[in-house]
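Student: Could we go through this protein together? I'd like to start with the inside and then look at the strands.

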Amino acid sequence: TKDDIGSPGDKNDTNNPPEFAPAVGDDDDVTFDVPADAYRVTTAAELEAAVAAGETTILLADGEYNADMNATTGKTLKLYGESKNAVLKSTKEGSEGADYDFDGSTVSFNGLTIDTSSHTGSYKGWARMNGTYNDCVIIGEHCLYGTSEFNYCTLNTSGDNYNIRTWGADSVEFNNCTFNSSGKALLVYGEYVTTDVKVDACEFNDDETTDFVKAAIETGSDRKPNDYYTITVTNTVVNGFAINTTNCSDVNSTLWANKNGLDHNNLNVVVDGVDVY
């Protein structure tokens, strides 16, 4: 197994990683095995009941799950999808659009779809949760907290939305992920936080349907004395996006932008082993 979450495999061999993985981006052939003892549910009501009863490794059959997950607060859970047609929807909107159902929890999401697109606030997704996302499709903007890791995920959004806001996260990793957006992909931003972001072997795609002047990775803060960000990017491809000249004309990159003009006391950026800022 791999860290207790199932071993990575491909469509032909579910026990070993594919021999020829792509250089960048998500790979549909990479999947994560479902543990044999996973408890299978078929409806939102069954999911709620399983969590309330203490099940911690749960398999979601294909279907939509608009479940009340209050019972998950403070728990450690592993959620698996039978396929990407198992869709877990976040529809509760608390402060600024955040959903607090997983408050204080550590959750791994594996081989399913997460949909936050019904939210209207600035901080969509589940608040105050440590999350690992393996082989998932993520629809809509997603706001992070705590520690977050994304492996072989495809993130889809459009219009005036980022794929990801790091916000309250202190550690974030993206490995072999594909970001599809309308020119706003990853925002490394928060207040009174220290955030370490690693992006490896990822692909950023801009559908070019908007006039946003944004780089693929934007960072900045209006709390400059208090925040510190490190961004490390390796082996990553950017298609589209723009050079953001607002407060960061010296950057000259579609990969990243220093949109609030953070100085070296608040920001460090390393790209393919070169300390660029």
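Predicted model: local features only at pLDDT ≥ 70, side-chain atom pairs only at ≥ 80, totals over all residues.

Tutor: Residues are numbered from 1 along each chain as its sequence is written, and side-chain values use heavy atoms, with hydrogens and water left out.

Student: OK, how many residues has the largest nonpolar core?

Tutor: The largest nonpolar core has 57 residues, and those with the most contacts inside it include Phe 204 and Ile 217. Such a core is a set of buried Ala, Val, Leu, Ile, Met, Phe, Trp, Tyr and Cys residues joined through side-chain atoms within 4.5 Å, where buried means under 20% relative accessible area with a 1.4 Å probe, counting protein chains only.

Student: And what is Ile 217 in contact with, leaving aside its neighbours within four places in sequence?

Tutor: Among its partners are Leu 186, Val 188, Phe 204 and Trp 256, contact meaning heavy atoms within 4.5 Å.

Student: Switching to strands, which ones does β18 pair with?

Tutor: Strand β18 (residues 203–206) pairs in the parallel sense with β15 (residues 178–181) over four bridges, and also in the parallel sense with β21 (residues 237–239) over three bridges. Strands are DSSP runs of E, at least two residues, numbered from the N terminus, and two of them pair if DSSP finds at least two bridges between them.

Student: Which residue in β21 is the bridge partner of Glu 203?

Tutor: That is Val 237, while Glu 203 is itself the bridge partner of Thr 178.

Technical notes. Buried < 20%, exposed > 50% of the residue type's maximum accessible area, 1.4 Å probe, protein only.
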